[in-house]
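Here is a protein model to look over. Each label used below gets checked against its definition.

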Amino acid sequence: MPLYETVMQEKPPVVLDIGTAYTKLGFAAEAYPRKIIPSEVILSSDGKTKALLDYDSNTELYDQFVDFLQMIFFKHLLVIPKERKIVIVENVLGQTIIRETLARVLFRHFEVSSIMFVPLHMAALATLAVPTGIVIDMGYTETTVMPVYSRVQILQAFQDQAYGGRAIHAEIKRQLLEAGVNGKHLTESILEDIKVRTCFVTNFERAKAYRKGQPPAAPPDLEYLINGEEIIVIPGTLRETVFEIMFEENNDRDSLPHLVLRAILSCPVDVRRALIESIFVVGGSAIIMGLLSRLRAEMQYLAEKDEEYKQKLCGDIKFKFHKTIGRENFTAWLGGSLCGGTDLIQTHSLTKEAYVKTDRVPDWINLSDKRATA
Amino acid sequence: MANFMQNSVVSYACTCGLVNPITKLFFCRHCLKLRCGFCVCHEVDSHFCSNCLENIPSSEAKHKKNCCTNCFNCPCCQHTLSARATMVVVPKKTDDSPKEGEGDGVKAVTKKMYYLSCLGCRWTSRDVGIPDQNVATGAWPENECSYQTRFNALLEYYQAVVLQDKQEKQEYLRRKTPKAHKFPSLTDRTGLTVSMIRRQIGWPDKNTQKAKPVNITPSVATDELEDLPADVFTQPINLRNVSNIQQRHGQPSDQPFTVNKLYPQRRILWIKRSLRCRQCEHNVIKPEYHPTSVKYRIQLFANYHVPDVLLVRSEEVLHAGKSGSIILKLTNPTMHDMSIKIKELPTLSEELEMIEEFKLACKIKENTATSAAAESLKSITSSPSLTSTTLSRQTSLIEDPRIVQQKANVKLNNSELNFVLNQRDDSTEFDEDVQTPREEPEFIIWRKSNKVSIRLPFTTDESLKVGDLVKVGFTMEYTYVNTVTNTPTSHTLSARVFIDAGQILGE
């Protein structure tokens with residue numbers, strides 16, 4: 001490529017989606033992240049590996065972010081963070097301390113020129129080019145449901161529950177311990193591997209049979225080798241039923257289908273049908289085989305049989321789902337990449353100059369920030 | 001350097017307040033301050049491949065997505081792949097044979113073909129059906145992203161939408177701004193500026209083209225979802241064929257579920273870093289370009305400039321509230337004599353004062369820099385309105401210095417120890433004549449060329465319990481001769497040193 005081209009070219013912004021379990025990182029206007037790495041940090045102080053978002057004090061979090069971003073910039077992306085633009089995909093209801101600390105690290109330690117915060121659910125929906133939809137993000141710690149109508153998030157209808165990858169891992173561990181497996185082998189990475197490679201979400205008929213207490217013929221058991229040391233047997237019922245914790249029937253009515261239906265019902269009447277016909281499931285936990293068809297079958301069943309939903313959802317209800325482009329675990333990142341690829345990065349970013357003045361990040365929840373923009 | 005790989009018992013407090021062994025510290029010769037990895041600015045200096053050790057210019061590295069063109073990693077175990085050659089018998093092309101007249105229509109010719117193989121896990125590129133190549137490097141097929149066209153369409157669409165939005169906003173703003181003059185000016189009367197009149201009427205400017213909205217087919221939702229295949233309930237799965245999460249993440253664009261879709265991954269480049277002092281923006285570390293060279297062009301490591309303190313031994317068994325002493329060996333790494341003063345650590349309030357002073361110094365530097373820039377600008381443009389901060393130096397935020405977390409728990413017996421550390425002179429090692437013993441203070445045990453051993457007596461805190469670590473801390477003031485300036489100038493600098501002296505023993 002000619003020299004002038006490289007000189008003239010604007011440096012592409014860096015897009016980060018920092019999750020509890022995995023961090024997706026790459027450059028704007030690229031179709032997939034460069035890397036997906038565990039959100040773990042090797043502390044420069046004592047060389048121990050630690051989860052990024054596990055901290056006791058503010059300074060500790062700050063130092064962990066410094067080490068983590070240092071690794072991202074110099075080991076994975078190989079760019080100088082100074083004077084670069086950053087896009088961060090964030091949960092709209094994420095913790096303020098994490099957001100503030102991240103901004104402080106980026107501005108103070110890495111001297112970036114601007115940061116653009118992109119709401120996760122909106123970013124995910126942007127990859128579809130549809131204005132309306134109900135976005136279900138299934139992450140590691142929680143599952144969140146956010147209805148979006150005409151590119152506006154309906155915040156009052158937001159729903160979340162604490163089942164995601166972590167809850168599944170705990171369930172696998174519980175069932176394996178019950179089956180008499182030595183607990184010392186069951187580290188988080190082994191549990192994750194078992195989940196990813198052997199488990200699936202069963203169909204509705206079989207799940208109903210399980211609930212009635214008449215389990216159908218279980219899928220074949222599996223022999224699983226742990227670190228080349230020991231062979232454990234993974235029961236077929238475990239493979240089939242670990243994801244049932246998301247669909248459990250109980251009086252709280254907080255299983256995944258209920259969560260989505262509740263979110264839809266919390267929206268104004270006029271937008272409900274549009275949402276029903278545009279459901280979008282993203283996040284790492286959504287990759288699992290059979291999840292979508294099960295969710296659809298359960299919701300269809302509830303809409304037809306459950307008294308409460310039957311009354312409120314009238315007419316011919318057909319739940320329709322969107323397919324992601326690329327894998328579900330980086331869909332939100334992809335939205336951030338699209339955002340960073342447009343001129344929005346110039347107009348909608350928080351610049352260093354603005355940050356110096358106030359020394360804090362504007363937040364949608366803060367009324368004084370809204371007054372300033374109006 | 002005895003503690004290069006291990007945890008050091010002697011550590012120095014950096015200017016930013018973090019505590020590090022001297023091997024991890026740098027010394028900025030321009031600010032005359034200690035710096036550590038946390039408080040210098042890291043920069044990417046050069047890219048290279050860690051396998052073939054080829055230097056790759058940064059523009060090319062960016063173009064190649066930070067990957068080496070020749071080297072591959074195994075998609076299964078992330079080990080480096082090696083190209084293997086085989087001899088393959090291929091039939092000679094038939095169109096050559098008529099020229100040679102009769103003879104066999106098909107003559108067998110052996111040809112060298114290459115495939116990639118992992119020496120770690122025995123994976124080969126033949127496993128996934130990649131055909132063997134004629135050349136060893138450069139011709140391996142690229143793994144294309146399946147939805148690239150869709151992504152490009154989306155990106156184009158959003159760029160157009162944002163552009164249109166921007167133009168509409170500008171248009172709106174222009175109409176809203178009140179006209180500067182109530183009455184038409186001379187230029188209007190001449191009728192020269194058509195565009196101006198157009199603007200007054202409110203028509204759009206002729207030359208500005210309106211951004212056309214790009215159409216995009218939105219994603220269509222469907223209620224026909226793939227059900228679970230029936231055989232998942234009956235057929236056993238072979239774990240060997242299912243990729244694990246690391247293998248999936250190694251190929252982020254498609255993340256295959258089965259191992260037969262794993263393709264060789266291009267090896268990611270490594271970088272050489274240069275470090276820059278944040279305060280004066282001089283380099284403290286700058287490596288040489290060549291990847292095989294481990295030397296530096298600029299290397300301001302602290303142990304070339306700051307006296308190195310080594311713990312020789314602890315003299316007495318340590319008890320809480322009792323006196324003890326340690327023997328230290330100090331080395332002068334510079335070419336100039338140093339006079340050293342060892343005294344108590346600063347108290348908390350003094351430390352806070354130091355931090356304030358540091359901040360103030362930064363601020364003053366900032367201001368002088370901006371005002372200097374403003375001055376120079378003023379002389380060029382002669383318009384004071386332009387001399388705002390936007391044109392001059394970028395506003396910079398600095399990392400706040402911290403209070404040192406490490407606390408000493410002893411009290412030094414002597415308020416001050418003063419002595420001289422001779423310059424480093426490699427030739428003295430070979431001197432025949434023994435140095436004439438001179439009058440030494442009693443705490444000096446031994447002295448040879450640029451090294452000196454001293455005894456440091458102290459009293460441990462009463463509050464210490466059995467098994468607690470005794471931390472000896474002191475401020476070491478030393479004279480440093482700055483050779484950066486034309487005329488060498490001498491400065492008195494100080495470093496805060498912390499030493500693990502051992503545990504408190506029971507009675």
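Two strands pair if DSSP finds at least two bridges between them; strands (E, at least two residues) and helices (H or I, at least four) are DSSP runs, numbered from the N terminus. This is a predicted model, where local features need pLDDT of at least 70, side-chain atom pairs count only at pLDDT 80 or more, and totals for chains, interfaces and linings use all residues. Residues are numbered from 1 along each chain as written, chains are lettered from A and ligands numbered from 1 in written order, and side-chain values use heavy atoms, without hydrogens and water.

Q: What makes β5 and β11 of chain B a pair?
A: Eight bridges join β5(B) (residues 40-48) and β11(B) (residues 270-277) in the antiparallel sense. The definition asks for at least two. Within this pair, B:Ser46 stands opposite B:Lys272.

Q: Why are β6 and β13 of chain B at the edges?
A: The open antiparallel sheet runs β6-β5-β11-β12-β13. β6 (55-56) and β13 (296-299) each have a single partner strand, so one side of each lacks a neighbour in the sheet.

Q: Why is A:Thr23 called buried?
A: Buried means under 20% relative accessible area, exposed over 50%, partly exposed in between (1.4 Å probe, protein chains only). A:Thr23 has 0% relative accessibility, so A:Thr23 counts as buried. A:Thr23 lies in strand β2 (residues 22-27) of chain A.

Q: Which residues does A:Thr23 contact, leaving aside neighbours within four places in sequence?
A: Contact means heavy atoms within 4.5 Å. The partners include A:Asp17, A:Lys35, A:Phe68 and A:Ile72.
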